[in-house]
Amino acid sequence: MRILIVEDEHDLGAAVQERVRLDGHAVDWFTTLEDARAAMATVEYDFMLLDLGLPDGNGRDLLREIRRTSSNIAILITTAEDQISDRIAGLSEGADDYIVKPYDLNELVARIAAVSRRYAAPRRRARYRIGDITIDRENRAVSRGDQVLDLTAREWAIMELLSRHPGRIYSRQQIDTALYTLDQDVDSNTVEVFISRLRKKVGNMTIRTVRGRGYCLADGEAA
């Protein structure tokens, strides 16, 4: 997923960013509401970790803005405000979950996974089969026959993106956005390199190239 962290505690923000990246997600981290709004104007995020007490305002202001316009991004509030009334307010205004500081990073990533499953369940196929290839989104695994393939985090990120809507064509720019954060330089042929490596593992016919437009998964069926 593409995840946005809005957190002004630098040590915590850096630790969360590093831990979430270990799970294969592309993560952008900002310390103010202004920078978060600017990032959301250019990048489509799947998930947000939102602190409330920020230098330029309360995170609930951004939460309300988002929920007035869209419900497609999952939002988990991370804050030191531990009163029941604070939790109720955040959840009633549209947050999907709430975790109080200090928290364990492993619990945080477990909550991210749990919320993501709730978002994915009604609108994405959990398993998709193309010939002898099975993409298991819930367990983040790709199998060829009975063998689970060894994919890197970025190879899985491409398969996860393409399997969201099998048959839909994703441009190189859309794939770049899913793989890299705003502070990373991307080589011009990076996507092609990863696609080539994936095809060696899943077969040339699994991922189609649509000349001049991008890539998509070949026709298959829900498994």
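## Arg137 and the model

Arg137 sits in the loop between strand 9 and strand 10. Helices (H or I, at least four residues) and strands (E, at least two) are DSSP runs, numbered from the N terminus. Is Arg137 buried or exposed? Arg137 is buried, with a relative accessible area of 11%. Buried means under 20% relative accessible area, exposed over 50%, and partly exposed in between, with a 1.4 Å probe and protein chains only. Thr78 is 59 residues from Arg137 along the chain, and their C-alpha atoms are separated by 26 Å.

This is a predicted model, in which local features need pLDDT of at least 70 and side-chain atom pairs count only at pLDDT 80 or more, while totals for chains, interfaces and linings use all residues. Residues are numbered from 1 along each chain as its sequence is written, and side-chain values use heavy atoms, with hydrogens and water left out.

## Confidence

The predictor's confidence in each residue is pLDDT, from 0 to 100. The chain has a mean pLDDT of 87, and 92% of its residues reach 70 or more. Confidence is highest in strand 3 (residues 47–50), at a mean of 96, and lowest in strand 14, at 74. Where pLDDT is low, the predicted coordinates should not be read in detail.

Five strands make an open sheet with parallel pairing, in the order 2-1-3-6-7. Strand 2 and strand 7 are the edges, and each pairs on one side only. From one strand to the next, the twist averages 15°. Angles run from 0 to 180 degrees between N-to-C directions, and axes are lines fitted to C-alpha atoms, for helices over the stretch in contact. Two strands pair if DSSP finds at least two bridges between them.

Four bridges link strand 1 and strand 3 in the parallel sense. There, Ile3 stands opposite Phe47 in strand 3. Strand 6 (residues 74–79) and strand 7 are also parallel, over four bridges. Ile77 has Tyr98 of strand 7 as its bridge partner. In a regular strand the side chains alternate between the two faces of the sheet. From strand 7, Asp97 and Ile99 point one way, Tyr98 and Val100 the other, and all are buried.

The peptide bond from Lys101 to Pro102 is cis, with omega near -10°.

## Helix 2

Which residues of helix 2 (residues 33–42) are buried? They are Leu33, Ala36 and Ala39. Seen down the axis, these residues fall within an arc of 125°, so they line one face of helix 2. The arc is that of the directions from the helix axis to the C-beta atoms. On the other side, Glu34, Ala41 and Thr42 are exposed.

The cover over the buried residues of helix 2 includes strand 1 (2–6), strand 2 (26–30), strand 4 (53–54), strand 5 (57–58) and helix 3 (59–69). Contact means heavy atoms within 4.5 Å.

Strand 8 (residues 127–130) is joined to strand 14 by two bridges. Tyr128 has Ala222 of strand 14 as its bridge partner, and Arg129 stands opposite Glu221. On the other pairing, strand 8 and strand 9 run antiparallel over four bridges. Here the partner of Arg129 in strand 9 is Thr134. The hairpin of these two strands has two residues between them, and Gly131 takes a positive phi near 60°. Tyr128 and Ile130 form the covered face of strand 8, while Arg127 and Arg129 form the uncovered one.

## Helix 8

The 13 residues of helix 8 (residues 190–202) should span 18 Å at 1.5 Å a residue, and the end C-alpha atoms are 18 Å apart, which agrees. The expected span is 1.5 Å times one less than the number of residues.

Buried here are Thr190, Val191, Phe194, Ile195, Leu198, Arg199 and Val202. They cover an arc of only 165° around the axis, which puts them on the same side of helix 8. These buried residues pack against strand 9, strand 10, helix 6, helix 7 (172–179), strand 12 (207–210) and strand 13 (214–217). Just after helix 8, Gly203 takes a positive phi of about 100°.
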